[in-house]
Amino acid sequence: MWVTDECKNSFMEMKWKKVHRYIVFKIDERSRLVTVDKVGGPGESYDNLAASLPKDDCRYAVFDFDFVTVDNCHKSKIFFIAWSPTASRIRAKMLYATSKDGLRRALDGISYEVQATDPTEMGFDVIQDRAK
């Protein structure tokens, strides 16, 4: 599986320049390339990311989560989300499961990983609990 330069560049823009709030990646099954499917602007929320994921196909996503600690310190953590809904094809689930580590290695700076098969497994409360 190959990760395109567009994926790496978009991730670096999100990480360092805060140009994106989230990025959704997909695998082109014919070319075996991981490409950028959707990018969320800096003003978009976690709900926008959740709404952009298809209900019947797998995707990867990264989300830049900003929060304030109990010591009143502003922090940011990047979450990697492996989205594999139960309605997706078995072939797609297998392809995404076997390709996940390659993409994670290409995206340096991920703090946490969430694997989800339905929206409740990747709710905002799950993200909040993991970050703190």
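Phe-63 and Phe-65 are both buried, where buried means under 20% relative accessible area, exposed over 50% and partly exposed in between, with a 1.4 Å probe and protein chains only. The model is predicted, so local features need pLDDT of at least 70 and side-chain atom pairs count only at pLDDT 80 or more, while totals for chains, interfaces and linings use all residues. Residues are numbered from 1 along each chain as its sequence is written, and side-chain values use heavy atoms, without hydrogens and water.

Rings of Phe, Tyr and Trp (its six-membered ring) pair if their centres lie within 6.5 Å; planes under 30 degrees apart are stacked, over 60 edge-to-face and the rest tilted. The count is nine aromatic pairs. Two tilted pairs are listed here.

| Pair | Centre to centre | Angle between planes |
|---|---|---|
| Tyr-60 and Tyr-96 | 4.9 Å | 50° |
| Phe-63 and Phe-65 | 6.5 Å | 35° |

Tyr-60 lies in strand 4 (residues 59-68) and Tyr-96 in helix 3 (residues 90-106), so their pair ties together parts that are 36 residues apart in sequence. Helices (H or I, at least four residues) and strands (E, at least two) are DSSP runs, numbered from the N terminus. Tyr-60 is buried at 1% relative accessible area, and Tyr-96 is buried at 6%. Ring pairs also link Phe-63 and Phe-65 into a cluster with Tyr-46, Phe-67, Phe-79, Tyr-112 and Phe-124.

Helix 3 bends by about 40° at Ser-99, the bend being the angle between axes fitted to the seven residues ending there and the seven starting there. Buried residues of helix 3 include Ala-92, Leu-95 and Ser-99.
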